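Welcome! Please take a moment to look over the sequence and the 3D structure before reading on.

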Amino acid sequence: MKIISPKPFTIEAGKRAVLLLHGFTGNTNDVKRLGRYLAERNYTVHAPLYKGHGGDPLALIQTDPIEWWNSAVEGYDELRRRGYTEIAVAGVSLGGIFSLRLGEERPIKAIVTMSAPALDKSVDSLQQRIISYTINYKKLTGTYNEEEDKPEVIAKRYQMPKLEYLQGIINDTSAKLNKIDKPVHILRGLHDDEYYCKSADYIYNSVNSRIKSVKSFINSGHILTVDKERELVFEEVYRFFESLDWEE
């Protein structure tokens, strides 16, 4: 079965711009409905696709976390190139920590993080994400073989040697959170791993933003933008952006 690879997307709908960032092993489909929701309410949105994501896992494991970060920066630069001077950013999971990193390094209007990692995480747990991604991809493409594609076999065949760099990016970003003074809204799902719930508290306590808040969704897991309460999540993101003092 041939699957249609996800692509970056841009919807120009207003002077206010929002950069949307997906997570590790995710793709732009994870933020597409949120993008449409915001565009229908006169926000321009742009979502880059990280290098190696959205397709064959062999392509993913040959990339570097620094390249994923560069994809996020290029997304920000694309909005600047199009003439947008006020850019907010909203990211899911790794996209959430990238959103915070942009807030540390670029002029950002405001930040929404959703299920962002901000604490130490083992490389083994990150490698497990590669295993799950590979198995799901094989099932989608009809190439999954129950005997040949056992998790322990996949783990050996699809090792990603540079995953420790990813934890390095997370740690480095977390260490500089006090540089952020722009409005920050932190969303988490209470069905998510406790690690991400604790990360939300850490982010809240570390940023120097005068305007900052945490919102929990009691029936949601990790990828809030596609989970049961996604419409509530969309509304929450929109209301937060609407509360800001944008230039007209």
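This is a predicted model: local features need pLDDT of at least 70, side-chain atom pairs count only at pLDDT 80 or more; totals for chains, interfaces and linings use all residues.

Residues are numbered from 1 along each chain as its sequence is written, and side-chain values use heavy atoms, with hydrogens and water left out.

Let us begin with the record. UniProt, in an unreviewed entry, places the feature "domain: Serine aminopeptidase S33" at residues 15–228; such positions are given in the numbering used here, feature names are shortened, and annotations may be inferred rather than shown by experiment. In the model, this span is 45% helix and 15% strand, and its end C-alpha atoms lie 31 Å apart. Helices (H or I, at least four residues) and strands (E, at least two) are DSSP runs, numbered from the N terminus.

Now find strand β3, residues 43–47. Here 5 of its 5 residues are buried, that is, under 20% relative accessible area with a 1.4 Å probe, counting protein chains only. Tyr-43, Val-45 and Ala-47 point one way from β3, and Thr-44 and His-46 point the other way. Which strands pair with β3? Pairing requires that DSSP finds at least two bridges between two strands. Strand β1 (residues 9–11) pairs with β3 in the antiparallel sense over 3 bridges, with Thr-10 opposite His-46. Strand β2 (residues 16–21) runs parallel to β3, and 4 bridges join them; Ala-17 stands opposite Thr-44. The chain passes from β2 through α1 to β3 in a right-handed β-α-β crossover. Right-handed describes a path from the first strand over the helix to the second that runs clockwise when the strands point away from the viewer.

Next, move along to strand β5, residues 111–114. Ile-111 and Thr-113 point one way, Val-112 and Met-114 the other, and all are buried. Strand β4 (residues 87–92) runs parallel to β5, joined by 4 bridges, and Val-89 faces Ile-111 across this pairing. Together with helix α4 (residues 94–105), β4 and β5 make a right-handed β-α-β unit. β5 also pairs with strand β6 (residues 184–189), in the parallel sense over 4 bridges. There, Ile-111 stands opposite Val-184.

Finally, turn to the spaces between atoms. Rolling a probe the size of a water molecule over the atoms shows where empty space is left. On a 1 Å grid over the protein atoms alone, a cavity is a set of points where a 1.4 Å probe fits but cannot get out, and a pocket is an open set with protein on both sides within 12 Å along at least five of seven lines; lining residues have an atom within 4 Å of a point. Grid points are joined across faces, edges and corners, and a volume is the space filled by probe spheres set on the points.

The largest pocket has a volume of about 540 Å³. Its lining has 20 residues, and Thr-25, Gly-26, Asn-27, Tyr-133 and Asn-136 lie nearest its centre. α5 gives the largest share of this lining, 6 residues.

How many cavities of 30 Å³ or more does a search of the whole structure find? There is 1, and about 60 Å³ of space lies in the largest cavity. Among the residues lining the largest cavity are Phe-24, Ser-93, Arg-129 and Tyr-196.

Key:
Buried means under 20% relative accessible area, exposed over 50%, partly exposed in between (1.4 Å probe, protein chains only).
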